[in-house]
Amino acid sequence: MTLSSQTTVADSRAGIGERAPLISLREVGKAHQTSGGASHVLRRITLDIAPGEFATIMGPSGAGKSTLLSILGMLDMDFTGEYFLRGQAVHALGAAQRRALAREHIGFVFQQYHLLDELTVAENLAVPLDYRGVPRSERAARVADILDRFSIVGKKDLYPRQLSGGQQQLVGIARAVIGNPSLILADEPTGNLHSAQARDIMELFARLNAGGTTIIQVTHSEENARYGGRTINLKDGWMV
Ligand SMILES: Nc1ncnc2c1ncn2[C@@H]1O[C@H](COP(=O)(O)OP(=O)(O)OP(=O)(O)O)[C@@H](O)[C@H]1O
Ligand SMILES: [Mg+2]
């Protein structure tokens with residue numbers, strides 16, 4: 001794919017001398033149909049994220065943070081408005097193209113971990129490498145390396161149900177970073193970790209960001225937010 005060579009709406013908007021945004025959202029909205037009518041979860045979200053940014057999304061429970069992150073991660077395509085990733089019109093993509101784009105660029109840390117129950121820790125970690133076509137011989141070495149870096153070598157043959165919540169969260173983060181994605185979307189990545197582990201994860205994110213990885217995190221923690229450069233506040237689905 002030659003995404004960077006295309007002339008796009010987002011490129012032309014960025015203007016001369018400015019770097020084209022990695023992400024552009026234009027008037028993004030999301031509503032759920034409920035028995036009482038439409039329930040609006042996101043309203044007119046217009047937002048640019050530059051390549052190499054480390055942004056934080058904050059806001060009260062129910063504000064729409066996970067919903068916004070799911071849209072950014074292309075996990076939820078049922079929204080109104082426009083979403084451009086590297087100038088590519090995500091809102092107009094078919095499911096297969098979208099999946100390919102997400103697998104190539106995005107590492108997602110889920111608030112509820114979402115590990116595959118029937119796979120061991122090591123097998124869960126190998127999934128993104130499989131998607132990216134990393135050769136089998138190299139996969140084992142990369143999994144061993146990340147198990148070591150996350151201090152979870154002893155858990156490699158266990159299944160997710162045999163892990164504590166915090167351990168599952170660590171595996172979920174390891175799975176998001178193992179493929180060296182250019183964009184990491186992390187939903188409350190340290191919500192179940194103790195403070196030293198949380199600091200380790202934030203320092204890992206800071207190092208990855210210094211190396212050029214764009215990061216968008218959702219957090220309730222002011223301490224975690226301080227690792228980021230910009231905070232985006234959501235309330236009742238609005239950017240405030
Ligand atoms: N399927 C659904 N039908 C109706 N409303 C929904 C549905 N899914 C989510 N919502 C509503 O969308 C709103 C936003 O949810 P979301 O999970 O994005 O919040 P959040 O900001 O991530 O909260 P938290 O901090 O608790 O994780 C909530 O009010 C929730 O009830
Ligand atoms: Mg949430």
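A: The expected span of a helix is 1.5 Å times one less than its number of residues. With that in hand, take helix 7, residues 195-210, in this predicted model. Helix 7 has 16 residues. From its first C-alpha to its last it reaches 22 Å, close to the 22 Å expected at 1.5 Å a residue.

Now its sides. Ala 198, Ile 201, Met 202 and Phe 205 of helix 7 are buried. Seen down the helix axis, these buried residues fall within an arc of 95°, so they line one face of helix 7. The other side of helix 7 carries exposed residues: Ala 196, Glu 203, Arg 207 and Ala 210. Just after the helix, Gly 212 takes a positive phi of about 110°.

What covers the buried residues of helix 7? The cover includes helix 6 (165-177), strand 8 (214-218) and helix 8 (222-225). Two of these lead further.

Start with helix 6. Ala 174 is found there. Ala 174 has 22 other C-beta atoms within 10 Å, and therefore counts as buried; the cut-off is 20 or more. Leaving aside neighbours within four places in sequence, Ala 174 is in contact with Leu 125, Ile 146 and Phe 150. Ile 49 is 125 residues from Ala 174 along the chain. The C-alpha atoms of these two residues are separated by 24 Å.

Next, strand 8. It belongs to an open sheet of 6 strands, in the order 6-7-8-3-9-10, with mixed pairing. The edge strands of this sheet are strand 6 (106-109) and strand 10 (238-239), each pairing on one side only. Strand 8 pairs with strand 7 (residues 183-187) in the parallel sense, over 5 bridges. Leu 183 stands opposite Thr 214 of strand 8. Strand 7 also pairs with strand 6, again in the parallel sense, over 4 bridges. Here Ile 106 has Leu 183 as its bridge partner, and Phe 108 has Leu 185.

One pair links Gly 29 to Thr 80 in strand 4.

Finally, the ligand. 13 residues surround ligand 1, the closest being His 32, Ser 61, Lys 65, Ser 66 and Thr 67. Strand 1 (23-34), strand 2 (37-49) and helix 2 (65-72) each give two or more residues to that shell. Helix 2 gives the largest share, 3 residues. By type, the shell divides into 2 nonpolar, 10 polar and 1 charged.

Note on methods:
Residues numbered from 1 in each chain as written. Chains lettered and ligands numbered in written order. Predicted model: local features only at pLDDT ≥ 70, side-chain atom pairs only at ≥ 80, totals over all residues. Near = placed C-beta within 6 Å. Nonpolar A, V, L, I, M, F, W, Y, C, P; charged D, E, K, R; others polar. Pairing = 2+ DSSP bridges. Buried ≥ 20, exposed ≤ 12 C-beta atoms within 10 Å, placed from the backbone. Arc of directions from axis to C-beta. Contact = placed C-beta atoms within 7 Å.
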